[in-house]
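Visitor: Could you walk me through this model? I'd like to start with the strands.

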Amino acid sequence: MNKKNWGENIIIGNNVRIGNDVIIKHNCIIEDDVVIGEGTYIDSNTIIRSNTSIGDKCNIGSNCIVGEYWMDFYKEHKKQEHVLTIGNHSLIRSGSIIYAGSEIGNNFQTGHQVTIREKSKIGNNVSIGTLSDIQGNCTIGNYVRLHSNVHIGQLSKIDDYVWIFPYVILTNDPTPPSENFVGVHVNSFAIIATGSIVMPGLEIGQDCLVGAGAIVTKSVKPYEVAVGNPAKGISDVRRIKNKITGEPVYPWRNHFGTYMPWEETTFNEWYDSLDIEDKFKII
Amino acid sequence: MNKKNWGENIIIGNNVRIGNDVIIKHNCIIEDDVVIGEGTYIDSNTIIRSNTSIGDKCNIGSNCIVGEYWMDFYKEHKKQEHVLTIGNHSLIRSGSIIYAGSEIGNNFQTGHQVTIREKSKIGNNVSIGTLSDIQGNCTIGNYVRLHSNVHIGQLSKIDDYVWIFPYVILTNDPTPPSENFVGVHVNSFAIIATGSIVMPGLEIGQDCLVGAGAIVTKSVKPYEVAVGNPAKGISDVRRIKNKITGEPVYPWRNHFGTYMPWEETTFNEWYDSLDIEDKFKII
Amino acid sequence: MNKKNWGENIIIGNNVRIGNDVIIKHNCIIEDDVVIGEGTYIDSNTIIRSNTSIGDKCNIGSNCIVGEYWMDFYKEHKKQEHVLTIGNHSLIRSGSIIYAGSEIGNNFQTGHQVTIREKSKIGNNVSIGTLSDIQGNCTIGNYVRLHSNVHIGQLSKIDDYVWIFPYVILTNDPTPPSENFVGVHVNSFAIIATGSIVMPGLEIGQDCLVGAGAIVTKSVKPYEVAVGNPAKGISDVRRIKNKITGEPVYPWRNHFGTYMPWEETTFNEWYDSLDIEDKFKII
């Protein structure tokens with residue numbers, strides 16, 4: 001362990017396994033039984049709680065809390081035993097709080113002041129924007145992008161390649177207050193635009209577009225465009241044209257590939273190149 | 001004072017009174033004239049400013065600022081003289097900022113990154129969710145539950161047993177910009193669902209239900225269901241049935257008691273058992 | 001340099017220039033090549049990254065990150081070279097994160113947990129409320145006031161004397177997801193009320209009023225009142241009367257001057273007193 005570039009006032013617990021070329025900056029607190037993969041950088045004032053495992057070549061910004069306590073801690077103040085894993089090449093920006101008891105894939109990225117609660121299962125290549133609030137007990141697939149200030153209620157299920165824009169809320173309580181939560185299911189390639197609210201238990205169909213500010217009170221069909229309060233289907237996404245070029249815009253996978261696995265080619269070429277068992281169904 | 005489980009780099013001011021079995025973790029700053037009740041736990045990197053009084057058996061998470069400065073501090077940098085009291089058994093989760101000059105009851109609970117400004121008066125058994133922003137100079141009763149990212153404008157008055165869901169905004173300025181604020185009054189047992197906005201000075205009636213995404217431009221009557229933009233009364237809450245069981249859902253107090261004083265019994269039994277002077281009026 | 005009132009555990013880098021009467025509190029980290037103007041106060045646990053320049057008589061609250069890293073840092077972990085300047089008499093409240101590579105004028109003020117990303121150009125006398133999220137690459141004029149939890153998309157342009165209220169969102173992507181951003185332009189003296197969403201590329205006219213909860217899908221004319229989803233022009237602001245006094249309320253500059261340059265006089269007197277080259281056009 002080469003501490004050459006490490007900061008001051010660092011506190012490190014027992015049974016901490018730190019890979020090669022890890023850098024830890026000032027005032028960090030690393031609790032017991034933490035694993036930090038090689039080449040990972042942990043910035044000043046960050047707390048990594050016990051039983052957290054962080055992959056290789058990650059960046060954890062300043063003032064983060066990684067492996068945050070569950071409610072049980074506050075009663076007994078015993079060692080935090082829930083396990084958190086964060087995959088390789090992840091970037092957690094400053095001020096974020098990630099609970100113990102979640103499982104997060106590779107190439108994960110957050111903005112600032114993000115909260116991710118317990119029992120969240122998050123795939124690879126997911127990005128979650130500044131101030132987003134993932135309430136836990138939910139499933140997020142691969143290549144999902146949540147913009148700033150998105151609120152994901154418990155029991156939500158978000159499939160691969162979904163885009164959710166700022167201030168969108170996925171709710172879960174059909175008769176508030178209650179404990180009979182029913183999550184929203186967002187199907188792959190769906191787009192939920194800024195400031196929309198989705199009622200509990202609804203299906204947001206593959207490749208649909210929920211317009212900005214929609215209050216979604218019934219399920220949205222694949223390829224449907226839904227807008228308004230309450231939201232109504234007004235069109236098919238395949239009819240939307242770029243106002244400047246006149247070209248069709250949707251399905252977006254045919255026109256946009258930044259950070260997607262088809263970034264270097266086209267969606268169709270990439271999809272055709274997949275092994276049979278990796279091919280997923282497109283309606 | 002038994003500092004056995006205390007952390008490192010703690011700074012403690014003058015005239016600090018610390019109860020038995022208090023634990024203070026690394027890098028905390030406790031300013032002058034602070035009182036910390038017995039069995040309270042203060043996690044790392046937290047700042048408790050002068051003249052703050054925290055009750056017994058509380059938990060203050062990491063990276064909190066408790067007793068935050070008013071505007072006057074920034075001019076003179078003199079000692080913070082405004083008083084903050086937080087009751088027993090409270091749980092302030094990490095990243096929250098609570099101003100001096102507020103009064104908060106027992107069993108208080110916050111999520112993360114909550115801001116509570118000065119001159120807030122908050123009763124017992126209140127819970128305020130992650131990212132909520134209480135603008136100060138407001139009154140919140142007992143057993144009130146605010147979910148994530150709720151915005152409570154100055155001069156708001158929230159009675160007992162009120163539920164407010166994510167991204168609800170209580171406004172206060174009828175002719176923005178102005179300084180002629182008029183607060184919203186939310187009556188007991190009312191429910192304001194996700195993403196609603198309530199215009200200044202309105203009454204939100206006892207036991208009413210403001211639907212998700214409503215823009216409330218006139219007062220809502222007791223038991224009324226109000227939805228839409230602008231919100232209109234469309235029904236009576238007592239007509240709403242649970243879609244699965246067919247049972248009535250509202251008034252919610254008859255069907256839901258988690259964390260409420262009638263948790264172990266029913267609302268009616270509990271209400272009947274109250275002393276005459278504790279009975280409150282139900283319309 | 002008089003360190004009489006300085007705190008403990010302060011880390012200061014190379015080539016830091018600190019003015020007279022600066023106070024730095026506990027656990028602060030001041031990186032290389034930082035300039036701090038005279039009389040400035042930096043509260044505990046705050047990080048000032050390299051190449052940040054802070055003016056005279058500023059207050060930087062606790063737990064702030066000033067000069068936050070761009071994406072490039074996370075790849076190489078090299079010294080942060082982007083320059084941030086913050087003008088005199090500024091007040092950054094606790095928990096805020098301001099990126100390197102922005103330019104901010106005098107008398108700047110933020111609430112808590114504010115994020116301001118890179119390439120933001122912000123004039124003098126601007127105030128940005130708690131939890132607001134300025135996405136960077138935008139221009140904000142002078143005397144602009146953003147309330148809590150405002151989201152300013154990249155490429156937005158906000159002129160002088162604009163008021164934006166809580167949870168307003170200025171969007172920028174006409175065909176999400178894409179990289180063809182088009183910013184909103186908010187003209188001077190406009191008011192955007194709570195919870196409104198403005199679609200990409202629109203003009204928000206001088207002195208107009210966008211009502212609370214409006215979903216703005218076409219440009220709003222000067223002096224127009226626009227409300228609803230989708231927003232429609234329903235009136236002229238000059239017809240709005242104060243419900244109590246019966247007096248006209250708008251243009252607001254004739255009735256409200258707090259923190260404005262005409263605070264001590266009237267707008268018209270102040271405007272008449274301006275030098276010819278300082279006079280701006282009012283429609």
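Guide: Strand β19 (residues 133-134) of chain C runs parallel to strand β22 (residues 151-152) of chain C, and the two are joined by two bridges. Strands here are DSSP runs of E with at least two residues, helices are runs of H or I with at least four residues, and both are numbered from the N terminus; two strands pair if DSSP finds at least two bridges between them. This is a predicted model, in which local features need pLDDT of at least 70 and side-chain atom pairs count only at pLDDT 80 or more, while totals for chains, interfaces and linings use all residues. Residues are numbered from 1 along each chain as its sequence is written, and chains are lettered from A and ligands numbered from 1 in the order in which they are written.

Visitor: And which residue is the bridge partner of D133(C) in β22(C)?

Guide: That is H151(C).

Visitor: What order do the strands of that open sheet in chain C have?

Guide: The order is β1-β4-β7-β10-β13-β16-β19-β22-β25-β28-β31 (chain C), an open sheet of 11 strands with parallel pairing. At its edges stand β1 (11-12) and β31 (215-216) of chain C, and each has a single partner strand, so one side of each lacks a neighbour in the sheet.

Visitor: Switching to chain A, how many helices and strands are there?

Guide: Chain A has two helices and 33 strands. Its radius of gyration (taken over C-alpha atoms) is 20 Å, close to the 19 Å that the globule rule gives for 283 residues, so chain A is as compact as a globular protein of that length. The globule rule is 2.2 Å times the number of residues to the power 0.38.

Visitor: What share of chain A is buried?

Guide: Buried residues, meaning those with 20 or more other C-beta atoms (placed from the backbone) within 10 Å of their own, make up 58% of the 283 residues in chain A.

Visitor: OK, new topic: what rotation superposes chain A on chain B?

Guide: A rotation of 120° with 0.0 Å of shift along its axis does so, at an RMSD of 0.0 Å, with the superposition made by least squares on the C-alpha atoms of residues with pLDDT of at least 70 in both copies. That is the relation of a three-fold axis. Of the residues of chain A, N229(A) comes closest to the rotation axis, at 4.1 Å (C-alpha).

Visitor: How many residues does each chain bring to the contact between A and B?

Guide: Chain A contributes 29 residues and chain B contributes 38 residues, where contact means that C-beta atoms, placed from the backbone, lie within 7 Å.

Conventions
Buried ≥ 20, exposed ≤ 12 C-beta atoms within 10 Å, placed from the backbone. Contact = placed C-beta atoms within 7 Å.
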